Amino acid sequence: MIDPPVLDVSDVRIAFSGRKILDGVSFEIRKGEFTGLIGSNGVGKTTLLRIILGLQRPDSGEVRVLGAPRSSRSHSLGYVPQKVVLDADVPMRARDLVALGLDGHRFGFGRRSKHQRELVNEILHDVDAERFADSRVGNLSGGEQQRVLIAHALVSRPQVLLLDEPLANLDPKSVQEIVALLHKVSSEHGVAILLSAHEMNALLPVMDRIVYVTEGRAASGTTDEVVRSDVLSRLYGHHVDVLKLHGRVLVVAEPRPEADHLPDHPTLTVS
Amino acid sequence: MFAGFMVNAWEVATIVAVVAGVVGFFVVLRGSAFPAHAIPNGAFAGAAGANLIGLNPLVGLGAFALLAALGIGTLGRRGRRDVVTALALVLMLAIGAAFLSQSTEYEPEIFSLLFGEILGVSSAEILPVAILGLACVIAVGVLYRRLLLTSIIPEIAAARGLQPNRVELAFLIVLACATTMTVPVVGALLIFTLMIGPPAAARSFTNRPGFALIVSVAIALVTVWAAIACSFETNWPVGFYVGTYSAAGYGLGRAYAAWERRRGGQLGPDALIATLQSATS
Amino acid sequence: MSLRRLLFEPGFFSSAPVHTAVLIGAVTAVVSAVVGVFTVVRSQSFAGHALTDIATTGGSGAVYFGVSPLAGFIGGGVAGGGMMDLIGVQRVRSRDLATGIVLGAATGLAALFLYLDATQSATTGVTQQILFGSIFTVSSSTIPIVAICSAVVLLLIGVIYRPLLLSSISPDLASVRGVGLRVVGLLFMLALAVAVGLSSIAIGSILSTALLIGPAATALRLTRSIRGAMVVACLLGIATTWLGVLLAYDSDYWDPSSQGLPVSFFIVAIAFLIYLLSGLAARRHVGRRNGDIPAKEACGLEDDTTSKAVA
């Protein structure tokens, strides 16, 4: 008996200023799956995530969460946005920010119950943030802040966790730590993860499925199914080569600005 | 200075300080210093207008404050918020100038409305001020967690189904109410300093939002009491002392934070206690 | 012929106060537009407005100490602006906080000066004058000073133009290219303080802010480049000012028994109105949030022919 998908995106289309950003994107995510949403900058990953969250309405297409049509008040989606700026002047501890994940949407002053405080402690322990739980959020490093935001999203035990480019501004060590953390959380709590990134290599060890987005179209499946020369060439509409070396993947195309997927690697000429 | 006629001033000032500390905590958190300045300033135009048609100036003050809050809240969604605040403010001031140009009289009351006046507080004013003050504090209490969430991580708040725009509008309305009711002692022009100086200073002394709110009220109380005492002694306007003491409080808070950082310490009650211990030993 | 009679009440073109108002209004509109475009882009509208109040404090202080009001306005503005820059940080929220603190202290001082001044002159007139100002009461002898100070401000902006542009649009990009952000920020603040002090004494503090922010914000919604915005803002500012002067003059004749409405009211109302109308125009550009211009386009740094929509 196969579980129904926790997230079902079907034929989503949206255009801005006459330019098609997403042109019929479809994919499914099942319980506990780790999915990477891969595509270069500006390709529409954030837009897609915002559509899933209900912050943006698509021109056509549908998003279903746990079988029900997406309503913006659904609590089964956790979210870690891109570029959250936390001021060092703000008097708020990491612990307080995480606690707001439980009840930040409620009215009233809210004295937290013992049970609620225990939930907060638990999740802080799970993301390994206990040592800076009482520090100011604005004083934390990038990786530490990321953990706190993840804890904030997870403390209410959602079914799906969406992360928008969480690895973008982290040093390589922090990238590894966060990826490992997410994988652990995903398997321990059965939370499905949809994580957008422009570089897939850091995720290869943990990704169950990949949704590869470019030119408004997407291919989804396992890494082996999708990250192949023929599939990606069809997606791009021109020839690309996929090279696999030492467990890493390199997508190579003719030198054109739009085809550069790996901004920190030079574009190789294939003749 | 604690004679019978001054008691009213102390009572009202205390209420004003509590409201300023509570509302001001979020003014600083949300970076709403400009609206906190613009709303009472613009509201003053309403006072002039009410004066013109023979109404109690406070009625006009409240009406225009509300108008300013609604204007900034709704127009601010589309345009840049600081631009909208500036234009709404000057529009109201210009309307006020138009009102004033129509009347040949000029009430000296206007000065005390603007800069504060401790002797002019009658005991009849205390109850309305207390009720409005309570309403403001309760409103902030009701919105507390939503305000925190939308102030610090608005992107996530939106995803959780909160509407940051609505929360902002509600907060501006509370701000309008708070600035209107503080006119009796502190004056419309200077209430905003009470809402930014003490809360900004409070941030240096604790890491917890709840404590910061309490410290903010405490510093506001000290500021207002000192201002009244000094004003009573020298006869100079209360507003002068409120403005300068708020600035001094802000300066002290910044200095303490900088000093703490240089010592490599983490801001918070532990640090404060440690400092006090080492100072007294 | 009758249309001209309808639009322009008798004596408009020959009235000397009108000449002065039109000239000073145009000069300050141009300076305000140029400085205002940068003020809006840098999100320093609060500073721009606060400086008018601080300049006015300087003015009332100057009156109390018997010094030239112009020196008070500009000196006060420069002192306040310098203070704001000193204690402010790069983050917008902290900057507005610093602006508010300095403004509060200055307003407190203004209260003190007005109170101490009460024995010397009527409090009522001074308070009103300080708060609202009036373009028609400006004397023609002020024109040369206004012109010179305006030229100084424009010169300063011209000198720091490129680093100012870069640091306003993208501070990160600017510091990478070696632009001293603090220095540029301070110099701009000084230019702003002088421009605002000037316009405050010439046309009053309300108009000072209105002409600083209104035309510039409108222009930024309508055009895609900073240079274009400055041109459009100048034109809008001059048009707004002249139309306001005209209407104010005419309003004296509408109802013979009453006073006529002050020119500040008309100019501000017009500026506010065109800003609102530009909002309707800006809404047609779908996918551009809040009229923000993509950084590189506004800078004219790269010829970005492929427009990238915000994802």
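Predicted model: local features only at pLDDT ≥ 70, side-chain atom pairs only at ≥ 80, totals over all residues.

Reader: Great. How many helices and strands are there in chain A?

Author: Chain A has 7 helices and 12 strands. Its radius of gyration is 19 Å, close to the 18 Å from the globule rule for 271 residues, so chain A is as compact as a globular protein of that length. The C-alpha trace spans about 65 × 45 × 40 Å along its principal axes.

Reader: And what share of the residues of chain A count as buried?

Author: That would be 39% of the 271 residues.

Reader: Now the sheet, please. In what order do the 6 strands of the open sheet come?

Author: The order in chain A is β6-β7-β8-β3-β9-β10, with mixed pairing. β6 (77-80) and β10 (217-221) of chain A are the edge strands; each has a single partner strand, so one side of each lacks a neighbour in the sheet. On average, neighbouring strands are turned by 15 degrees against each other, ignoring direction.

Reader: Do zoom in on one pair for me. In which sense do β7 and β8 of chain A pair, parallel or antiparallel?

Author: Parallel: β7 (residues 160-164) and β8 (residues 192-197) of chain A are joined over 5 bridges. As one example, L162(A) has L194(A) in β8(A) as its bridge partner.

Reader: Nice. Which strands does helix α4 of chain A touch?

Author: Helix α4 (residues 142-154) packs on the sheet and touches β6 and β7 of chain A, with its direction at about 165 degrees to that of β6(A). Helix α7 (residues 229-236) of chain A lies across β9 (209-214) and β10, at about 35 degrees to β9(A).

Reader: Changing topic: where is G61(A) placed?

Author: G61(A) is in strand β4 (residues 60-65) of chain A. With 16 other C-beta atoms within 10 Å, G61(A) is partly exposed. Beyond neighbours within four places in sequence, G61(A) contacts S10(A), D11(A), V12(A) and R13(A).

Reader: Last one, on chains B and C. How many residues does each bring to their contact?

Author: Chain B gives 45 residues and chain C gives 45 residues. Several helices of chain B supply at least two residues each to the side that touches chain C, including α2 (33-52) and α12 (238-262). The largest share of that side, 15 residues, is from α4(B). By type, the side of chain B that touches chain C has 31 nonpolar, 11 polar and 3 charged residues.

Notes: Residues numbered from 1 in each chain as written. Chains lettered and ligands numbered in written order. Helix = DSSP H or I, 4+ residues; strand = E, 2+ residues; numbered from the N terminus. Rg over C-alpha atoms; globule rule 2.2 N^0.38 Å. Buried ≥ 20, exposed ≤ 12 C-beta atoms within 10 Å, placed from the backbone. Contact = placed C-beta atoms within 7 Å. Nonpolar A, V, L, I, M, F, W, Y, C, P; charged D, E, K, R; others polar. Pairing = 2+ DSSP bridges. Axes fitted to C-alpha atoms, helices over the stretch in contact; angles between N-to-C directions.
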